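Here are my notes on the model, written as numbered points. Keep the structure open while you read, and look up each residue as it comes along.

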Amino acid sequence: MLQRCEACGAFAYPAREACPSCLSPDLAFADAPRGGVLLAETTARVPSDVYFRERVPWRIGLVKMDCGPTIVAHLHTDCVEGAPVRMSLQLDKSGQAVTFARPEGETPNMADDRQWREMTADPKFRRVLVTNGRSVIGQEAVVALKAAGAKTVFVGVAEPWRPFAGEDLLRRQEGVEVVTLDAADEKSAADLAADIGGKVEILVNTTEYVRAGGLLDRKGTSIARDEIDQAYLGFINLAQAFGPAMRMRGADGINNSVAWVNILSVYALANWPAFGAYSASQAACLSLSHCLRAELRPGGIKVMNLFTGPVDTEWFQTVPPPKVAPRAVAQAIVSGLKNGLEEMYVGDVAEEIRQRLAANPKALERELDR
Amino acid sequence: MTNSQRTPYDGIVMAAPVTIPYVRYSIESAQWWIGRALGALVAQAGIKASDIDGLCVSSFTMGTDSGIGLTQHFGLCVRWLDTIPLGGASAIAGLRKAARAVQARDADIVACVAGDTNHVDSFRLTLENFSRFNQDAVYPYGAGGANASFALIARNYMRTFGVSREDVGRIAVAQRANALRNPHALMKTPLTLEQYLAARPISDPIHLFDCVMPCAGAEAFLVMREETAASLGLPAARLLSTIERHNAFADDPMQVRGGWAMDVGELYAMAAVNPDDLDIVQTYDDYPVITMMQFEDLGFCRKGEGAEFVRAHDLTIDGDFPHNTSGGQLSVGQAGAAGAYLGLVEGLRQVLGAAGPTQVRNARLGLASGFGMINYDRGLASGAAIFAGPSR
């Protein structure tokens, strides 16, 4: 993604207000070809900034992009001067988009690169808390995170004496610890944090409370209250219990605390009246996630929101396909963490809503009312 | 040699070269340093402050002040004023403007001044806030500052032309030898090539003795017409030629030459001299590799022959190519924008025969250059001037 002149087609970098080739002011951000060549590299050993001073030696280079501009980039260890590189924009610990050069092809243990791990939130070697192991998404997330190399996955289960589907498998897995957690209960969240709060490097908030219905066909506020208790206040309880310790541990060694993941309905972005009150509870969580992102930023902790359409679980029984498989959500969690993303849209419905919202929000609102 | 089409600087001179000795850290403000330099100018020229009717100022650390605020601050009433934020090219650019101003009689006596302070955190703040492109697209990448940016340029240049660290080191070592004769240089111990090579790496291939030491200080000189200098009884150096260029060779993927290469013919044509005629040369030495680049771009050798040139010449005060005779920024220190003035002011002292312990015998014709503003991936500004002492 670089600025591209709409008049002459030239790409420009760093970002500016007029095209350096033709002075046109029409510079829009557009997908740019990712290829380039590493012209020269250096290793900064005595930076002036305290963040980098802690992380020296730090390797950077100047990349000549095939599409024109030259770009100062963070370098993957396996990048070689004079050789082709593949560029991407990553969010650094401060939340700023920065360019990162990786070798053109795959190299062994590529994702373990120290500088790359600084830009991402790879679950490999890290300890993860999945907050709700009763849900299918929660259970799939545990499997995917273990497969991605997570050292330990803590998985929260409310009222653990009550049996649930998938329980045996969950308890049998190596490196998985079932812990007692009812996110909607402030004391439960605080108790668990007192136990394991200092060991959680990634928190995956899989709280799920889906009920159909909007306003007029419901009586009273009791269901809405449950939705808010579980989703919104549960989020607050988790944030207050685990957020401060995670923020403190953002620079704690190589397996530092790195990310908070929320799984949100894409209808947080645009109300779907068939699940209208649920949509509203998700919108509240989305708004709160932005607050959490800002508050975790000083510690370099990323907040990733995964937006999904209806998931293929019992509470969406009445919704026709396409629906998102819980496994796809779990794989997206891992992939988003590995790439250090802030937002992901999982499945066709979520992607469609994203695009239609960008194209015409009023039309989307009208069309969801069907 | 091409013929210059430009109006000659006939009868335009520089006088009263002033250096306010540098200190590593200062609790004073930039305005304090600039005020000291103005005071020294007035004292050295034997004029009153009210005789200064033009002012040209450069500084990184004046805060929200610019030249206009300084007029009131220092009680100056001028009819020509400029503030030049061109970093290492500020002295040459200021000289060019001041020369034309006095030539056109928009002013009679222009004080050109640069000064900066250096508080314990000034340098880091300057780095962090240097330019917008720098903030967006350089600082977040390791925050190596100018060292990292010039390291990329140096690495590419050295690889392209087969230049070794020894070659580059000769420049730094010779300048240290010069500095030992300058009581005001911050570096006071000898430097051998072995020590240069053994220094700790800062941002490969830049090592410790490739870097300047940020400090506080000020430099200044006066620009006027020859008859003004004569009436004041002031020894003065005639300005023969100047060049200035910004954002040259933008299509070079990496910087291997500065804007000098574009204008060097004009530089010597206007002065009607050859590179061989110069008695002293003062380059802008933010890094010795940039000085080597200037030896090529200013016509002392061809592109790619800088290393050979350095090996073949003695760059010390008593050598066959006296260069950066005060010790340069590498050994005297870099007092912010005053770093741009250091070479020119020392060059003036040389051709006026007033350089004292660093004096080159029979120095009559001098060249000083400037280079600056690594806005993103390269230094954008370059300039140079040739001037002659009264005995030539």
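1. Is T71(B) buried or exposed? T71(B) is buried, at a relative accessible area of 11%; the cut-offs are under 20% for buried, over 50% for exposed and partly exposed in between, with a 1.4 Å probe and protein chains only. You'll find T71(B) in helix 2 of chain B, residues 67-74. Helices here are DSSP runs of H or I with at least four residues, strands are runs of E with at least two, and both are numbered from the N terminus. Leaving out residues up to four places away in sequence, T71(B) touches L55(B), L76(B), V78(B) and L81(B), where contact means heavy atoms within 4.5 Å.

2. Before you go on, some ground rules. This is a predicted model, in which local features need pLDDT of at least 70 and side-chain atom pairs count only at pLDDT 80 or more, while totals for chains, interfaces and linings use all residues. Residues are numbered from 1 along each chain as its sequence is written, chains are lettered from A and ligands numbered from 1 in the order in which they are written, and side-chain values use heavy atoms, with hydrogens and water left out.

3. Now the domains of chain B. The assignment gives domain 1 as 12-121 + 216-232 and domain 2 as 138-209 + 237-388; such bounds come from an automatic or database domain assignment. Taken over C-alpha atoms, the centres of these two domains of chain B are 23 Å apart. In chain B, 39 residues of domain 1 are in contact with 37 residues of domain 2.

4. How much area is buried between domain 1 of chain B and domain 2 of chain B? The figure is about 2900 Å², with 72% of it from carbon and sulfur atoms. Buried area is the accessible area (1.4 Å probe) that two parts lose on being put together, summed over both. On the domain 1 side in chain B, M14(B), Y22(B) and I92(B) lose the most area to domain 2, together 24% of what that side buries.

5. Polar links join these two domains of chain B as well. The count between domain 1 and domain 2 of chain B is one salt bridge, meaning a side-chain nitrogen of Lys or Arg within 4 Å of a carboxyl oxygen of Asp or Glu. Eight residue pairs are in polar contact across this interface of domain 1 and domain 2 of chain B, both residues at pLDDT 80 or more. A polar contact is a pair of N or O atoms within 3.5 Å; within protein, one must be able to donate a hydrogen and the other to accept it, and residues adjacent in sequence count only if both atoms are side-chain atoms.

6. Next, look at where chain B meets chain A. Here 28 residues of chain B are in contact with 33 residues of chain A. The area buried between chain B and chain A is about 2600 Å², and carbon and sulfur atoms give 57% of it. In chain B, Y141(B), L152(B) and Y376(B) lose the most area to chain A, together 26% of what that side buries.

7. Which polar links does the rule find across the interface of chain B and chain A? There are 19 residue pairs in polar contact, both at pLDDT 80 or more. The rule also finds four salt bridges across this interface of chain B and chain A. For a pair to look up, R132(B) and E17(A) meet through their side chains in a salt bridge (2.8 Å, N to O).

8. Over all chains, the structure holds 40 salt bridges. In chain B, the side chains of R181(B) and D318(B) meet in one of 2.9 Å, N to O. R181(B) sits in the loop between helix 7 (165-179) and helix 8 (193-198) of chain B, and D318(B) in the loop between helix 12 (306-312) and helix 13 (328-332) of chain B, so the pair ties together parts that are 137 residues apart in sequence. R181(B) counts as partly exposed at 30% relative accessibility, whereas D318(B) is exposed, with a relative accessible area of 61%.

9. Finally, a group to pick out: D53(B), R79(B), R105(B), D108(B), R225(B) and E227(B) are linked in a network of salt bridges.
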